[in-house]
Structures are given as C-alpha cells and as structure tokens.
Amino acid sequence: MHLISVDPRALKENPDKTRRSKSSPQADAVLIHQAVGIVQPPVITAERDGGNGFVINAGHRRVAQAIAADLPEIFVLVDDATDDGGAMRSAVENIAREPLNPVDQWRAIERLVALGWTEESVAAALALSVRQIRRLRLLANVFPAMLEHMARGDMPSEQQLRTIAAAGHDEQAEVWKKYKPKKQEHASWWEIARALTKTRMLAKDASFGDDLAQAYGIVWQEDLFAPADEDSRYTTDIEAFLGAQQEWLSNNLPKRGAIIEVNDWGQPKLPAKASQIYSKPGKGDNTGWYINPRDGSVQSVAYRLPEAKTAPAPGEASEADAETVATKPRPDVTQKGLDMIGDLRTAALHEGLARAPIEGDMLIALLILAFAGVNVTIASGSLDNPYGHADCRRHAARLIDGEGKLSLDRDTLQQVARSVLIDVMSCRRGRSDSGITARIAGEVIGADQFLPNTATEEFLSCLSRSALEAAADALGVAGRIKVKDTRTALVEHFAEGRFIHPAALIAPPVDEVAGWATRCTSEPASETEEDEVSRGPETEADALEEETEFREAAE
C-alpha cells in the first residue's frame, strides 16, 4: 500500500460499494476540512479487466466531498487487489465511520458470504454477534420492492420487520400493492405488518415432546428477533400444535383430573353445579384441564362438585316425601336478623380498622382483600376486552394458606400487591382511566424511564405544526418548510436515541395535583369533577347500553 496524489474526478465509483443509502449531511461534513482537505485518504485499487484507472474501494463520500469543495488533487492510498475485491475492508470502514442502514449491512454481508466468508467470520470481523448476522440475513426474505423502499431510510420497527420477513413473497407482494406509499411518503408499516400477521404457537408453551411434534408434522422455526436467552421457536401450523397438545393431555391426565371445554372467550366451562376453588384444592376436589385457545398452553382449574344425594332404602320415605308431611322448620335466624347481623359486623369491622393496631404487611394484605370484595368493580386497562372488569380475587387467593388463614409471606405479598396495582391502575383514555392518581403513582415509581421513543412517524403525525416545530427547536433540529419533512428530521435525529415528548410524560403538573387534592378534601364522598372529566361525555346509561350490545354481539 502506498500514498499518491490524484484528481478526485478521475476516480471511478465501485459498483459494489457498501453504503448505498443516503448518509446525513452532518456526517459528510466532518470528512473534509477547508484548510487541510480530506481528513483521511480514501482507499483505492487498480481497475481490473484491463482498465488503467483506479476504483474507489473505501471513501466514496470523501471523494464526493472533495469534488464538491473543488479540490484539484487529493491524497489516496493505493491498496493491493484482494480476493474479495476489498469487500470486507469497505464494510469495516463504513461501519466504523457511521452506522450503515440495515439494508446496506445486509447487502454487505450477502456479498461477503457469496465471496466465501462464513457467518462466524463475518461476525468476528465486523464485531457483531452471529445472531445479529443471521437476523440481518432475514432481509433476504423481504419482497424486493419493499426492500428498495427500506433502503431509502424508511425502516419498520424490529417487531414489524420480523412479521414481514416471516411471510412469503406472494403475500408480501399482495400487501405491498395495497399499502404502497406514494413518492416521498413513508410507508404505513404497522398496517403492512398487521395484514401479514399470522398466529404463532410458541415451543415454550408446548407440553408435548419431539415424538409428538414429529408425528403431527410440526416444524419449528426460530424467531431471530426474540431475546437470545429465550426459547424463540414457533410454528404457524395451529391445528397440528393443538392436536399434539390434546393428545399429550389425554395421555398424561392426572388422577381426579378431567378434560373440560372452554367458552367463546377462552374461559374454562366447569361441570354443572361445580364451584371453582381459588385456594389450595383438597383431597376430594377435582381438577379440570383445558387448552388455552389463545396461546395453546395446557392450563388447569380446581373445582368442587356438590355431594351426591343417597337414594332412600326400600320402605323408607324420601326427603321430598318427608317435606310434604312435615312442615318446613323455621330457620335459626330470620332475614331481618341476618340484616341486623350484617350491620353489626360492619360497624365492628369499621371500628377495628380505625382503632386496632395494624402492621405494615397486614395493612397491604387487607387492602388486597378489599379490592377482591364482591362490592368492588374495577374497569381495568390491563385486559384485552375493553369492556371487561378486573377480578382481584385470583390475586387475593394467593394469600390464603392451606388452613384457610391469611398468610403474610413478604415475597408473595409484594408480588400480589404489584399484580393488583397493575390490574387497577390505568392511564388509558375511556372507562378504564384511573385519572390523576395513576399519574401520581407513576411519578413516584419513576415510570417515565420505561416510556418508549416517541420520535416515530405515527406519534409525531398526531402533533400540530406549532407543537412539532417547538419540539424541534428545543432539541436543536432545524425546522423544514413542510411538516412531514420536519417529522422525518426528528425521526432520523433519534434513530439511535430516545425522545419523550413532554405531553407524554407521566408526572402530572403540580397545580393540577394540588387542585385535585383540595377538591377531594372539601367535597363529599361522591363523583368529583376529575372523575367526570376523565369519564368524558359518556353517561352511565350509555356505557351500560354499549356494554350490553358488545356482549350480545360476542354471544
């Protein structure tokens, strides 16, 4: 390798250059200095196939910047020809200077593999993991027209790319024809991914082994986008997976176990007159086994059947006959007496809660039991059904030991408390919104650190022009004439970072919290203005009517 001086206009562009997507102007600007010229000489090789010129091996952007700066000559390094045509050197230099577009990375890797490099050797040379190399090679499964659009810088999210790459080219072509964006517009990747989404059954949810998988013709595919420490195998052959699960369940049914069906909502259907058991089942209890239709996993539920009535001996009168002869005995306590007992118990309970000493763990356990009461209805934001209600009984049942007493195991108590809080607290708009209390709780636990990047085309399109330009100015991003160009600039600016728009922060304004606290302490125990605002214009009658219509439609 030796150094020479050449006219940058005389250099020829490499047809197999690594970087094909457009780089940022800021990254190009640092490659040249007006006083010293090119900061680092490009690498060139002698032209092959009888040519007498030089081909750029690494440094296309530096040469372009030199021509733009009207430099008459620049220094270049002349490298000896290599077996791979300088493909590895070009890939390493480009990745070291500015991260390559994923499509360009994939093209560089495919070029190296075609030249005889193994995935392991490419990973070692580029300082990447073998899993990342294999994940990038999944782009070979993307429809060419869709891939060309991605190369312009409009990339889907990792989850969306995984869904697209898992589909066949015919399916991708059909979906791309429907959702193909116009020129200079971004693709609606979430719609494309939704149209190509297929139900998957995960190997980690399978109870059967390799013998049944082979018998049912199940071929596991590996999800290379999943975390490396998880079993990421899956299959889209739903019928075969459920059939293998059903056969395994039939062959491994435990004693006093029975296979039960599920209803239209995926919930188990218990036998007639059976009651579900939420505590530890006893010796005479039964267990119902079923397959969850959502993920195909084998699950169980404990239940108890009523005691069977014995038939009367010959010559003896049955209970029904005895009731017709004897008058019905008066109960020990009348209905009015039961009402009085309820009032007395409530008064004693409230007095004890107000005055009796209660330790910290016991107080948390009592709050969990309170949420599990039959008089508590919670519109939860953690359910798939937007009209469903959280059932905290399943959480509270974990605190009851085998003797029917309240257990205060600290680890279990904390896990159950977290589960109850997840079911109860919500910031979703609509009937499940907890209001300002959920935002106060989110601020206390620092939930803002778990917010995702809001510098996405989908979110930024929801902002007004003034709000978008204000956010860009605050971040030092120059505004554009067109709103969509400003959005694109913000998305590119935070492609490798994280931006949380101030409107998305969980912590509420201090004046709103103080006003809410003042209203709640001065008003009687009824629905406050905060509750009315969070509920919206919908009345309780409208909500009830809408919920009824939803259930009738589901049935």
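This report walks through a predicted model of a protein, from its overall make-up to selected residues.

## Overall make-up

The protein has 555 residues, and buried residues make up 32% of them. Its secondary structure comes to 24 helices and 13 strands. The accessible surface is about 35,300 Å². Carbon and sulfur atoms account for 53% of that surface.

Among contacts between residues at least 6 apart, 68% join residues at least 24 apart.

## Two helices that pack

Two packed helices are described by the angle between their axes and the distance between the axes. Helix α4 covers residues 102–114, and helix α7 covers residues 144–151. Their axes lie 8 Å apart and meet at an angle of about 120°. That angle makes α4 oblique to α7. On the α4 side, the contact is made by Val103, Trp106 and Arg107. On the α7 side, Leu147, Glu148, Met150 and Ala151 take part.

## Buried residues

Leu399 sits in the loop between α16 (393–396) and α17 (410–424). Its relative accessible area is 1%, so Leu399 counts as buried. Setting aside neighbours within four places in sequence, Leu399 is in contact with residues on both sides of it in the chain, including Ala365, Ile368, Leu413 and Val416. Ser279 is 120 residues from Leu399 in sequence, yet their C-alpha atoms are 8.8 Å apart.

Ser232 is also in a loop, between β8 (221–222) and β9 (233–235). Ser232 has a relative accessible area of 9% and is buried. Beyond residues up to four places away, Ser232 touches Arg131, Gln221, Glu222, Asp223 and Ala226. Gln160 belongs to helix α8 (residues 158–166). At a relative accessible area of 18%, Gln160 is buried, because the cut-off is under 20%.

## Salt bridges

Side chains of opposite charge can pair when their charged atoms come close. The structure holds nine salt bridges. One of them joins Asp361 and Arg410, with the closest N and O atoms 2.5 Å apart. Asp361 lies in helix α15 (residues 360–371) and Arg410 in helix α17, so the pair ties together parts that are 49 residues apart in sequence. Asp361 is partly exposed at 24% relative accessibility. Arg410 is partly exposed at 46%.

A salt bridge also links Glu469 and Arg465, with the closest N and O atoms 3.1 Å apart. Both residues lie in helix α20 (residues 465–474), four residues apart, about one turn of the helix. Glu469 is partly exposed at 30% relative accessibility. Arg465 is partly exposed too, at 41%. Asp7 and Arg9 form another salt bridge, at 3.0 Å from N to O. Asp7 has a relative accessible area of 32% and is partly exposed. Arg9 is partly exposed at 40%.

## At the surface

Val333, Leu338 and Ile341 make a nonpolar surface patch of about 210 Å². Leu338 lies in helix α14 (residues 335–355). Leu338 is partly exposed, with 43% relative accessibility.

Lys273 lies in the loop between β10 (257–259) and β11 (275–276). Lys273 is exposed, at 75% relative accessibility. Although Lys273 is not a glycine, it has a positive phi of about 65°.

Conventions:
Residues are numbered from 1 along each chain as its sequence is written. This is a predicted model: local features need pLDDT of at least 70, side-chain atom pairs count only at pLDDT 80 or more; totals for chains, interfaces and linings use all residues. Side-chain values use heavy atoms; hydrogens and water are left out. Helices (H or I, at least four residues) and strands (E, at least two) are DSSP runs, numbered from the N terminus. Buried means under 20% relative accessible area, exposed over 50%, partly exposed in between (1.4 Å probe, protein chains only). Patches are made of residues with over 30% relative accessible area and no salt bridge: like charges are joined within 9 Å, nonpolar side chains (Val, Leu, Ile, Met, Phe, Trp, Tyr) within 5 Å. Accessible areas come from the Shrake-Rupley method with a 1.4 Å probe; for residues, only the protein chains shown count as cover. A salt bridge is a side-chain nitrogen of Lys or Arg within 4 Å of a carboxyl oxygen of Asp or Glu. Axes are lines fitted to C-alpha atoms, for helices over the stretch in contact, and angles run from 0 to 180 degrees between N-to-C directions. Angles under 35 degrees count as roughly parallel, over 145 as roughly antiparallel, 65 to 115 as roughly perpendicular and the rest as oblique. Contact means heavy atoms within 4.5 Å.
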